Amino acid sequence: MSQNTLEYNYKISRSDREKHHGHRAFLIWFTGLSGSGKSTLANAVEVELYKKGISTYTLDGDNVRQGINKDLGFSPEDRTENVRRIAEISNLMIDAGIVTLAAFISPYFEDRENIKTIVGDDRFTEIYVNTSLEECERRDVKGLYKKAREGKITNMTGISAPYEAPVNPDLEIKTDHQSIETSVQVILDFIVKKINHKK
């Protein structure tokens, strides 16, 4: 933090905004390999929350890299900075009283733990979209795995770069043999209680 800045406390608080929205605000973080279904699930979950009158916003890995994080590559250092920036943005969204969904590979355990430090452990829900590498390669929706196998892409998570799976996620979704509809319902059953929980 700059020595020449000072935090300004505004009269409208996060608690006020949560009361205005009618529900708690927190971060739902989807992590998993490329092609695991993170964005698909986040999109479907947000649709259902929207139907329930929940104020939401989704941050997506590819979309964010076309804007605020377009200056970052895929080195370990850039991946860490990518997650840090998203965590800070998510923290602002939570402060605005919005249930925030984030779909990012976020391959490193330490980086995901740091999210909790930024947004608060009680405001963080980690969903591990546990899809096998074989299934992700079979889907290969972006053609990235093919390029990685051909050596055209470096630092590809799961191929030439590591993925450190969550040790104790709040929720684990296995999409290899489970429909999107079933997965979405499992997620909704889990998080709706948290949304309506009164502090």
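Reader: Which residue lies over the face of Phe74?

Author: A charge sits over a ring if NZ of Lys or CZ of Arg is within 6 Å of the ring centre and within 35 degrees of the ring normal. This is a predicted model, in which local features need pLDDT of at least 70 and side-chain atom pairs count only at pLDDT 80 or more, while totals for chains, interfaces and linings use all residues. Residues are numbered from 1 along each chain as its sequence is written, and side-chain values use heavy atoms, with hydrogens and water left out. At 3.9 Å from the ring centre of Phe74, the residue over its face is Arg65.

Reader: How many aromatic pairs does a search of the whole structure find?

Author: Rings of Phe, Tyr and Trp (its six-membered ring) pair if their centres lie within 6.5 Å. Planes under 30 degrees apart count as stacked, over 60 as edge-to-face and the rest as tilted. Under these cut-offs, the number of aromatic pairs found is 3.

Reader: Are the planes of Tyr128 and Tyr163 stacked or edge-to-face?

Author: Tyr128 is in strand S4 (residues 124–129) and Tyr163 in the loop between helix H7 (144–149) and S5, 35 residues apart; helices (H or I, at least four residues) and strands (E, at least two) are DSSP runs numbered from the N terminus. Buried means under 20% relative accessible area, exposed over 50%, and partly exposed in between (1.4 Å probe, protein chains only). Tyr128, at 11%, is buried, and Tyr163 is also buried, at 18%. The ring centres are 6.1 Å apart and the planes stand at 25°, so the pair is stacked.

Reader: Which strands stand at the edges of the sheet?

Author: The open sheet has 5 strands in the order S2-S3-S1-S4-S5, with parallel pairing; two strands pair if DSSP finds at least two bridges between them. Each edge strand has a single partner, so one of its sides is left without a neighbour in the sheet. The strands in that position are S2 and S5 (171–173).

Reader: What is the bridge partner of Leu27 in S3?

Author: S1 pairs in the parallel sense with S3 over 4 bridges and with S4 over 5 bridges. On the S4 side, Leu27 stands opposite Phe124. Trp29 has Ala102 opposite it in S3. For Leu27, the partner in S3 is Thr100.

Reader: Which residues of S1 point the other way from Leu27, Trp29 and Thr31?

Author: S1 is mostly covered, with 5 of its 5 residues buried. Leu27, Trp29 and Thr31 point one way from the strand, and the residues that point the other way are Ile28 and Phe30.

Reader: How far apart are the end C-alpha atoms of helix H4?

Author: The expected span of a helix is 1.5 Å times one less than its number of residues. H4 (residues 76–95) has 20 residues and should therefore span 28 Å. This agrees with the distance between its end C-alpha atoms, 29 Å.

Reader: What is the phi of Asp140?

Author: Most residues other than glycine have a negative phi. Asp140 lies in the loop between helix H6 (133–139) and H7 and counts as buried at 17% relative accessibility. Although Asp140 is not a glycine, its phi is positive, about 35°.

Reader: Where is Asn155 found?

Author: Asn155 also has a positive phi, about 55°, without being a glycine. At a relative accessible area of 32%, Asn155 is partly exposed. Its place is the loop between H7 and S5.
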